[in-house]
Amino acid sequence: MALENWFQVSKLVKHKTSKEEISAIYGVIDRCLNDAGLKGLSSDQKYILSYQAALEAGMALIYCYGYKPIKAGHHYITWQCLKDIFGEKERKTILLFEGASKKRNKLSYDIAGIASQKEADEMYKESHDFVSIIKDEITKLSVL
C-alpha cells in the first residue's frame with residue numbers, strides 16, 4: 001500500500017515538515033542513541049532507547065514525504081509505511097524493528113528483564129545503522 005493509500009484509509013494525515021522539525025527530531029534520535037550507549041544502563045533500557053531512535057528516524061522520513069502517522073498505532077503504521085518506501089531494500093531490517101516493537105511494548109509496560117545484553121547490543125547497532133540510512137534518504141529527498 002502506497003503512502004497515499006495509507007492516507008486514504010485514515011492511517012496517515014497530511015503533514016508539512018520543516019528543517020526545524022527534522023532538526024529537532026534528529027536531536028531526539030541522537031539523545032536516544034547517546035543514552036543507549038551509556039555504560040551501566042540496563043539492557044532493557046538500551047533496547048528501548050535504541051528502538052525509539054529507529055522509530056523516530058522512520059517517522060521523520062515519512063514526514064519528509066508529506067505525511068504523519070496518526071497517534072493510534074503509530075509504531076505499526078510507521079513500519080508498514082517504511083516497507084512501502086524502501087520496498088525490498090531494507091525489508092529485513094524493517095521486519096526486525098517490527099518485531100522489536102512488540103518486545104519494546106512488553107519492556108515498557110509489562111515485564112522487566114526480558115532483553116538480554118546481546119539483544120540490546122544488536123538493537124543498538126541495527127538502530128545506529130538504520131538511522132544513518134534514514135538520514136541519507138532524507139538528504140537525498142532535498143525537501144528541506
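On one side of helix H2, Lys19, Glu20 and Asn34 are exposed. The other side is another matter. This is a predicted model, and in it the buried residues of H2 are Ile22, Ile25, Ile29, Cys32, Leu33 and Ala36. Viewed along the axis of H2, these buried residues fall within an arc of 90°, so they line one face of the helix. H3 and H6 are among the elements that cover them.

A check on the geometry of H2, residues 19-36. With 18 residues at 1.5 Å a residue, the helix should span 26 Å, and the end C-alpha atoms are 25 Å apart, which agrees.

Next, helix H4, residues 74-86. Its 13 residues should span 18 Å on the same basis of 1.5 Å a residue, and 18 Å is what separates its end C-alpha atoms. The buried residues here are His75, Ile77, Thr78, Trp79, Gln80, Cys81, Leu82, Lys83 and Phe86. They pack against helices H1, H3, H5 and H6 and against strands E1 and E2. Just after H4, Gly87 takes a positive phi of about 65°.

Now the core. Which residues touch the most other members of the largest nonpolar core? They are Leu12, Trp79, Leu82, Phe130 and Ile134, out of 40 residues. H1, H2, H3, H4, H5 and H6 each give two or more residues to this core. The largest share is from H3, with 14 residues.

Last, Ile134. Leaving aside neighbours within four places in sequence, Ile134 is in contact with Ala57, Gly58, Leu61, Leu82 and Phe86. Of these, Leu82 and Phe86 have already come up as buried residues of H4.

Conventions. Residues numbered from 1 in each chain as written. Predicted model: local features only at pLDDT ≥ 70, side-chain atom pairs only at ≥ 80, totals over all residues. Heavy atoms only, no water. Helix = DSSP H or I, 4+ residues; strand = E, 2+ residues; numbered from the N terminus. Expected span 1.5 Å × (residues − 1). Buried < 20%, exposed > 50% of the residue type's maximum accessible area, 1.4 Å probe, protein only. Contact = heavy atoms within 4.5 Å. Arc of directions from axis to C-beta. Core = buried A, V, L, I, M, F, W, Y, C linked by side-chain atoms within 4.5 Å.
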